[in-house]
Amino acid sequence: MNKHHYVAIMAGGIGSRFWPMSRTAYPKQFLDILHTGKSLLQWTYERYASFIPNENIFIVTSEEYVPIVEKQLKSLPVENIVAEPSRKNTAACIAYISFKLIQKDPEASLIVAPSDHMILDNEAFRVVTVKALDFVSHIKSLVTLGITPTHPNTGYGYIQHDSMTVAEGIYKVKTFTEKPNLELAKTFISSGDFLWNAGIFVWQVKNVIKAFEQHQPEMFELFAGIKDSYNTTEEKAAIDRIYPLCTNISIDVAIMEKADNVYVIPSSFGWSDLGTWNSAYDNLEKDYLGNAVASDNVIVIDATKCMVSAPKEKLLVLQGLDDFIVVDSKDVLLICKKEKEQSIKEYVAEVKRNKGDKYL
């Protein structure tokens with residue numbers, strides 16, 4: 001393990017597409033979505049703990065979730081849980097942890113990763129990530145891991161790269177594209193130079209800070225202006241003061257799409273962003289009728305290709321449904337056609353309009 005290697009795991013989202021299992025007070029990164037006995041955050045932490053020193057693993061999350069992180073990651077030093085006072089998207093989150101780390105270790109190299117993705121091949125993932133860490137230590141660069149696509153998925157962003165490598169298996173990035181329609185996704189796949197955007201980044205901290213200075217000068221000034229407070233008792237008050245002033249913008253739009261030193265490593269390590277109930281369905285074992293059941297207390301009769309999640313303390317009997325999402329929780333039951341899963345966010349908004357925040 002290298003003492004200058006760090007990881008920041010982003011765990012502040014609310015995961016509304018996994019409603020009603022995922023709630024504002026206890027979102028999906030803290031849940032055992034795939035019925036494995038561990039939360040998505042715990043899997044992510046363990047994946048990095050195999051090759052990053054424990055004291056160099058940081059969780060960036062919302063203030064309200066700090067107690068959940070403490071409970072789920074008991075071996076993590078409590079000071080490594082970095083609390084955001086408000087949700088300002090990924091650019092502010094990354095700026096915060098970067099300025100905090102540069103004060104502690106000017107030679108720091110940082111992996112930035114979501115807390116709620118699934119990776120099946122941990123060894124292949126480690127090899128690719130270490131390769132990225134090695135590259136950024138020699139080349140002033142911002143690296144992202146791109147996933148070699150297996151089908152024209154319209155739920156992911158895409159990264160286009162040059163045809164020539166700059167180092168073994170590493171390419172210069174040409175463009176970032178938001179989620180495309182199906183025809184465009186098919187064109188991307190057939191071209192052979194597009195990858196899925198996994199939202200996993202690797203860089204030397206000093207270089208991403210330079211990128212903020214160049215492409216997001218206002219945000220840079222906010223975080224640079226409180227540099228003497230990081231890792232002291234003054235940090236929280238300073239962050240509370242500047243965070244409301246930060247632009248709500250993703251790191252992709254803020255930096256990656258603008259910088260000219262962005263590189264990508266095409267990767268295959270069994271990745272899924274687990275963004276929807278259908279992606280959970282894809283990653284769960286099925287019965288002989290194609291039902292994926294994430295529960296120990298469900299009886300299925302004459303139902304096919306359903307995604308079922310239910311608490312173990314309640315018996316659920318399912319009959320006659322085909323291609324449905326059925327999610328039962330302590331106070332909400334969702335029954336929704338699988339093809340309508342992208343509308344779950346709209347249903348949550350409808351619940352909010354009609355019932356207030358009680359069921360969110």
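The legends below describe close-up views of a predicted model.

**View 1. The annotated domain, residues 9-285.** The UniProt record, an unreviewed entry, places the feature "domain: Nucleotidyl transferase" at residues 9-285.

**View 2. Helix H4, residues 122-138.** With 17 residues and 1.5 Å for each residue, helix H4 should span 24 Å, and the computed distance of 25 Å between its end C-alpha atoms agrees with this expectation. The buried residues in H4 are Phe125, Val128, Thr129, Ala132, Leu133, Phe135 and Val136, where buried means that under 20% of the relative accessible area remains. Because these residues cover an arc of only 165° around the axis, they lie on the same side of H4.

**View 3. Strand E10, residues 262-267, and its surroundings.** Five of the six residues of strand E10 are buried, so this strand is largely enclosed by the rest of the structure. In a regular strand, the side chains alternate between the two faces of the sheet.

**View 4. The pairing of E10 with strands E6 and E8.** Strand E6, which covers residues 142-147, runs parallel to E10 and is joined to it by six bridges; within this pairing, Leu145 has Ile265 of E10 as its bridge partner. Strand E8, which covers residues 170-177, runs antiparallel to E10, and two bridges join these strands. Here Tyr263 in E10 stands opposite Lys172.

Technical notes
Residues numbered from 1 in each chain as written. Predicted model: local features only at pLDDT ≥ 70, side-chain atom pairs only at ≥ 80, totals over all residues. Heavy atoms only, no water. Helix = DSSP H or I, 4+ residues; strand = E, 2+ residues; numbered from the N terminus. Expected span 1.5 Å × (residues − 1). Buried < 20%, exposed > 50% of the residue type's maximum accessible area, 1.4 Å probe, protein only. Arc of directions from axis to C-beta. UniProt positions renumbered as here; feature names shortened; annotations may be inferred. Pairing = 2+ DSSP bridges.
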